[in-house]
Amino acid sequence: MNTLAPHTSVDDLPARAFKRRLIEVCSLVLMVAVIGAGVYALAFRAELDQAAARARADLALSTDRLRSGLGRYRELSVFIAEHPTVLSLVLQSDASDNTMSQMHTSAALLLQSMADKTGSQSLMLVSKSGLVLASSEGGELPHGARAAFDRAMNGALGVAHFVDVDGARRFVYAAPVFKPGGAAHGAVLVSVDMESIEWGWPADPFAVYFTDTADVIFVSNRTELILAGGSAGALPVTRKRVISGHDIWSMEAGPYIPASVLHIRQPLPVVDMTGELLYDLAPVRSIAGLQAGLVAAIALAFGAFLVLATERRRTLSEANARLEARVATRTADLEIANRDLMREVSEREEAEARLRRAQADLVQAGKLSALGEMSAGISHELNQPLMAIRSFSENAQLFLERGNTSKAGENLGRIAELSRRMGRIIKNLRSFARQENEAISDVDLSAVVDAALEMTTGKTSGAGVTVDWVPERRAWVRGGDVRLQQVVMNLVSNAVDAMSDSDVRRITIAITPSNQPSDPVRLRISDTGPGILEPEKMFEPFYTTKEVGAAQGMGLGLSISYGLIQSFGGSIRGSNADAGGASFVIELPPAKSRNAAEETLL
């Protein structure tokens, strides 16, 4: 069945196929894009969860690093607050001036020594009234440390952070100095420069910072983020999103801060800050993109295979449909050609039948024409025996009247022999004149020649022609008895006609039997006439060398003879003999069984 559209032309097929393939390719690309996007989203969320876990662990390490860095200063403040020199200076504020001066000097030396040993920015001993009793670097109680001092006066460890007039970031621990069995009478303030804390941190691949209650970044491993936020200005965040419960920020904070980060928070109540981490999402996106690309490549390869398989199947289907259409068309053409061929075969068979009928009619006409030519000779051949029979019968009657029965019997015997001769002649004429419908069989070629010569005796004797003929007993061939007689009679009759003006009129007939089973039997008929004028045309229809109006044939004898010999599987050829005259040779297939039987008898 043809699957092509009935109104689709051949020129439209490439354009339609290209459009179909383009749609399939676009659909495949869209499908692969959707699959890749879906895999990317799933992989990104999974990697985001893992990245969040790693980021929390990293932030925990960073907060521990900050707590441990500040913790020693916390312990230092508590240790100094319990030192006897500090405690004596705070409790003996009513001592003499000389004693107080010595105590101030001792406390200042102690604080200076501890500041040098611990790397603190400054250590300061402040009285209950806020008066600085001793300091490692002198000066008054910083305004930013007031909150930590007030908390220490309430009996708790105070903490505070601020930016001093020099722009340095300070973190302060305030440890209360208790009167034995009583309330706090002063406080030891340990001030730390945050740069010294940040200096010892390792170079982390992620940005970590710590903000205060005002959302100002006070501590960070990225200098470009320090003191950002709060009143100083918002962080350089261009977009905030929440994906799977995670904060995703898009930032423009310089070359050392990633453009897309995962934001993690962790409160630090001990230092009154909040730890935050910005985790670079580039590896997350890279892994998710790699997984999505791998799945997309697999999907693309599989889809391309399906598209190619579908296209190949469609191509095969279309090719099969075109082939079936061509086969159907070719079959229809073959059926038409077959019908035409059958009609031609029928017409050819009818023509061959007509040709055979015409040939048979020509053969019969040739035989009747030969009989017509031989009518005078045949009449003579029959008239002579009749006259002899009449004479012998009259003589026999006389001999009987005389009582000479022996002579009468001899005459009657001669009459019987003449009657048999006349019967044989009439039988040959009757057989020759009828239509022969018998198939090819074994024929005695010598008997055929004898019969033909007997029927042409009148013509040959009337023309004064001598016939040299010796029968050959081993001369059985395949053919037709009557048709072979017609050929021999035609050749003998032509020879007699050709020698009408010759001084020597002789016909020589000889048979050459076959020596091998594959050799043909040859019959040669030669004359002493003028020969053949145009040997190459002798077997053509209507070719004759006789004079016009001679009433001796139409030039069909040799053509009919040629066809008859060919029908027996033999051949006939004619040529001019070296000694003069024409010579015809007939070759016929031998009758093997008859020839072998005769050789056995001999």
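**Exercise 1.** Determine whether Asp64 is buried, partly exposed or exposed, and describe its salt bridge with Arg67.

*Solution.* Asp64 has a relative accessible area of 38% and is therefore partly exposed, given that buried means under 20%, exposed over 50%, and partly exposed in between (1.4 Å probe, protein chains only). The model is predicted, so that local features need pLDDT of at least 70 and side-chain atom pairs count only at pLDDT 80 or more, whereas totals for chains, interfaces and linings use all residues. Residues are numbered from 1 along each chain as its sequence is written, and side-chain values use heavy atoms, with hydrogens and water left out. Next, Asp64 forms a salt bridge (a side-chain nitrogen of Lys or Arg within 4 Å of a carboxyl oxygen of Asp or Glu) with Arg67, the closest N and O atoms being 2.4 Å apart. Finally, both residues lie in helix 1, 3 residues apart, about one turn of the helix; helices are DSSP runs of H or I with at least four residues, and strands are runs of E with at least two, numbered from the N terminus.

**Exercise 2.** Locate the salt bridge between Glu587 and Arg573, and state which residues are linked in its network.

*Solution.* The side chains of Glu587 and Arg573 meet at 3.3 Å, N to O. Because Glu587 lies in strand 18 (residues 582-588) and Arg573 in strand 17 (residues 571-576), the pair ties together parts that are 14 residues apart in sequence. Glu587 is buried at 15% relative accessible area, whereas Arg573, at 43%, is partly exposed. Arg522, Arg573 and Glu587 are linked in a network of salt bridges.
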